[in-house]
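Hi there,

I am passing on a structure for you to look through. Please open it first, and then read my notes below.

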Amino acid sequence: MIEFLNSIQNSLIYKNFFLVLSGLDNTILLLLISLPLGFVLALLFALGRVSKITLLSRTIASYIFVIRGTPLLVQIYLIYFGLGSVKLIRESFLWYALKEPFWCGVIALTINTVAYGAEIFRGGIQSIEKSQVESGLSLGFGKFLLLRKIILPIAIRKVLPSYGNELILMVKATSLVSLTTYMEMTGIARKIMAKTFAPVEAFIAAGILYLFLNFLMVQFVKYLEWKYNPHLRLNN
Amino acid sequence: MFKFDKLVFGDAGWGDEFLIATLMTLLVSILSMGLGLFLAIITVWAKIIQNRITRFIANFYTTVIRGVPELLVIYLIFFGGNAVVMSIAKVFGYNKYIELNALTIATIAIAVISATYSSEVLRASYLAISKGQIEAARALGMNKFSIFFKVISPQVIRHALPGIGNVWQITLKDTSLISVTGLVEIMRQSRISSNVEHSPLTFLITAAILYLCLTTISGRVFKTLEVNYSKGFST
């Protein structure tokens with residue numbers, strides 16, 4: 001038994017697991033900033049998209065079109081390599097953020113998730129029944145109160161499943177930030193692979209951690225759905 | 001800052017290189033979409049026949065691949081694929097070194113990823129076919145083969161087309177990750193060109209525009225196909 005435990009402790013996969021685990025906080029840090037920021041901005045963008053101001057709506061529509069039509073990798077490279085090559089930016093205050101791969105990753109991930117999230121929320125806002133808005137209006141709600149009390153709560157809880165999907169895609173998307181030399185889990189797994197020439201062991205360790213992270217995310221979304229959709233609970 | 005004059009065709013610019021790279025992206029996308037659909041059909045089949053083992057394997061495959069970043073899957077197949085192929089070849093008594101070329105690895109890696117998405121789409125559209133139709137076909141004395149080709153697949157294609165269109169867009173964008181394996185597609189070409197010309201902004205914007213064109217055009221194609229396949233049905 002002890003021999004067996006020792007053999008596990010000496011195995012490459014066990015050692016790699018803890019090495020990759022040390023990159024977990026970097027992955028989570030990326031998510032902790034870009035997800036809340038993306039959520040708020042996506043809501044604002046969705047409201048702008050459905051607004052009656054044509055110019056605003058058109059601008060946001062074309063922003064969404066461009067971001068959804070190009071791979072995330074292009075966006076990350078454009079911000080990390082592209083913006084860094086402009087002299088004007090290198091000399092401005094923006095350079096304090098853009099010289100760090102971490103902040104480039106955060107900016108790219110946020111830009112990406114805002115486009116997808118705005119489209120999801122737009123669907124939610126447009127699917128609200130007119131009668132609910134009208135009853136709010138007849139109660140004398142102002143525009144802001146209507147938004148805060150009726151439109152947003154109903155829209156958000158309606159799109160929770162699809163927004164949950166987007167959140168999981170974001171967890172997976174953080175792995176691309178490793179290509180800008182930021183050392184999160186995929187980056188560390190890649191480094192281990194280069195050192196030990198044992199690709200399977202290194203990447204399986206990372207894969208298990210990503211699966212775990214996504215599992216937590218699914219549970220979190222399930223809890224939110226349960227909490228905010230009480231009328232859909234099976235047994236209450 | 002911008003060197004868009006470097007995008008001319010011929011020796012002076014990168015135009016022809018980008019054209020070839022775009023074709024390579026399209027080739028990888030089409031090949032892996034095809035292979036992915038084939039894998040997806042097998043996965044769906046494993047899920048719907050009443051067999052616990054095949055269903056477990058299929059569920060395990062789709063859950064794991066969809067829960068792990070695409071980049072990780074590509075790394076795993078790129079760095080681990082050769083070893084797997086060589087160990088399989090050893091079983092058949094072939095002991096020499098085998099190296100898969102980049103295109104093969106790229107196609108397999110993207111196909112493995114896109115098959116998980118396609119399988120969900122296909123399974124949903126298979127379940128949308130009413131059981132009565134299959135029973136009716138059986139009552140007419142059709143064998144399994146002709147039930148599949150004459151009753152099931154035409155309807156699955158119609159139901160699945162919008163979903164398959166989405167998977168195609170995802171697959172097309174996933175091919176950009178293949179650049180890490182050294183296959184020269186749009187992404188890789190833009191990195192090479194920007195390293196030579198010291199102007200990343202130019203070539204990355206070119207790459208973005210090319211991807212945008214590809215996704216827009218293929219979106220149109222899928223819309224036309226959808227209209228074609230839902231003739232006689234009000235959508």
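Leaving aside its neighbours within four places in sequence, which residues is A:N26 in contact with? The partners are A:Y182, A:M183 and A:E184, where two residues are in contact if their C-beta atoms, placed from the backbone, lie within 7 Å.

Before going on, a word on how to read this: it is a predicted model, in which local features need pLDDT of at least 70, side-chain atom pairs count only at pLDDT 80 or more, and totals for chains, interfaces and linings use all residues. Residues are numbered from 1 along each chain as its sequence is written, while chains are lettered from A and ligands numbered from 1 in the order in which they are written.

Back to A:N26, which sits in helix α3 of chain A. Helices (H or I, at least four residues) and strands (E, at least two) are DSSP runs, numbered from the N terminus. A:N26 counts as partly exposed because 19 other C-beta atoms lie within 10 Å; a residue is buried with 20 or more such atoms within 10 Å of its own C-beta, exposed with 12 or fewer, and partly exposed in between, with C-beta atoms placed from the backbone. Its C-alpha is 14 Å from that of A:C104, which is 78 residues away along the chain.

Now for chain A as a whole. You will find 13 helices and 0 strands there, and the C-alpha atoms fill a box of roughly 75 × 60 × 25 Å along the principal axes. Of the 236 residues, 36% are buried.

How confident is the predictor? pLDDT is its confidence in each residue, from 0 to 100. The mean for chain A is 89, with 98% of residues at 70 or more. Helix α1 (residues 2–10) of chain A has the lowest mean, 72, and α4(A) the highest, 95. Where pLDDT is low, the predicted coordinates should not be read in detail.

Helix α4(A) deserves a look too. Its buried residues are A:I60, A:I64, A:I67 and A:G69, and what covers them includes α3 (24–50) and α8 (101–126) of chain A together with α8 (200–229) of chain B.

Finally, the two chains touch: 26 residues from chain A and 27 residues from chain B take part in the contact. On chain A's side, α4 (54–69), α5 (72–82), α12 (185–196) and α13 (199–228) each give two or more residues. The largest share, 8 residues, is from α13(A).

Enjoy exploring!

Notes: pLDDT = per-residue confidence, 0-100.
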